[in-house]
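These are my notebook entries on a single chain. I set down what I looked up, in the order in which I looked.

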Amino acid sequence: MKKKVYLLTLIPALGSLFVINRVEPYIFGLPFVLFWSICWVGLTSLFLIIANKLDPANKEEEEL
């Protein structure tokens, strides 16, 4: 289970390696790089919440 939690926290780091450094295309009126950065801020938060829920150490605290 710990390996799954660690892998889940690596997804945002690996996702940021594939950023294309150019202005076009525009997505929702934002340059691609800016849109990509904003997207990963939200996704990183989501992945960390999921990792927190899956972490067995947190389940032990809830049972006490």
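**Entry 1: asparagine 52.** I began with the accessibility of asparagine 52. The residue counts as partly exposed, because its relative accessibility is 43%, which lies between the limits of 20% and 50%. I note that the model is a predicted one. I then looked up where asparagine 52 sits, and found it in helix H2.

**Entry 2: helix H2.** Next I turned to the helix itself. H2 covers residues 32-54 and has 23 residues. From its first C-alpha to its last I read 32 Å, close to the 33 Å expected at 1.5 Å a residue.

Which residues of H2 are buried? I listed Phe32, Phe35, Trp40, Phe47 and Ala51.

I then looked up leucine 46, which also lies in H2. Leucine 46 counts as partly exposed because its relative accessibility is 43%.

**Entry 3: a nonpolar patch.** I asked which residues make the nonpolar surface patch. They are Leu43, Leu46, Ile50 and Leu54, and the patch amounts to about 280 Å². For the spacing of such positions I keep a general rule at hand: an α-helix has 3.6 residues a turn, so residues three or four places apart point the same way.

**Entry 4: phenylalanine 28.** I moved on to the loop between strand E1 (26-27) and strand E2 (30-31), where phenylalanine 28 is placed. Its phi is positive, about 55 degrees, although the residue is not a glycine. In general, most residues other than glycine have a negative phi.

**Entry 5: the whole chain.** Last, I collected the values for the chain. I counted three helices and two strands, and from the N terminus on the elements run α-β-β-α-α. The chain has 64 residues, of which 16% count as buried. Its accessible surface comes to about 5,300 Å², and carbon and sulfur atoms hold 68% of that.

Among contacts with a separation of 6 or more, 49% are accounted for by residues 24 or more positions apart.

How values were computed:
Residues are numbered from 1 along each chain as its sequence is written. This is a predicted model: local features need pLDDT of at least 70, side-chain atom pairs count only at pLDDT 80 or more; totals for chains, interfaces and linings use all residues. Side-chain values use heavy atoms; hydrogens and water are left out. Helices (H or I, at least four residues) and strands (E, at least two) are DSSP runs, numbered from the N terminus. Patches are made of residues with over 30% relative accessible area and no salt bridge: like charges are joined within 9 Å, nonpolar side chains (Val, Leu, Ile, Met, Phe, Trp, Tyr) within 5 Å. Accessible areas come from the Shrake-Rupley method with a 1.4 Å probe; for residues, only the protein chains shown count as cover. A salt bridge is a side-chain nitrogen of Lys or Arg within 4 Å of a carboxyl oxygen of Asp or Glu. Buried means under 20% relative accessible area, exposed over 50%, partly exposed in between (1.4 Å probe, protein chains only). Contact means heavy atoms within 4.5 Å. The expected span of a helix is 1.5 Å times one less than its number of residues.
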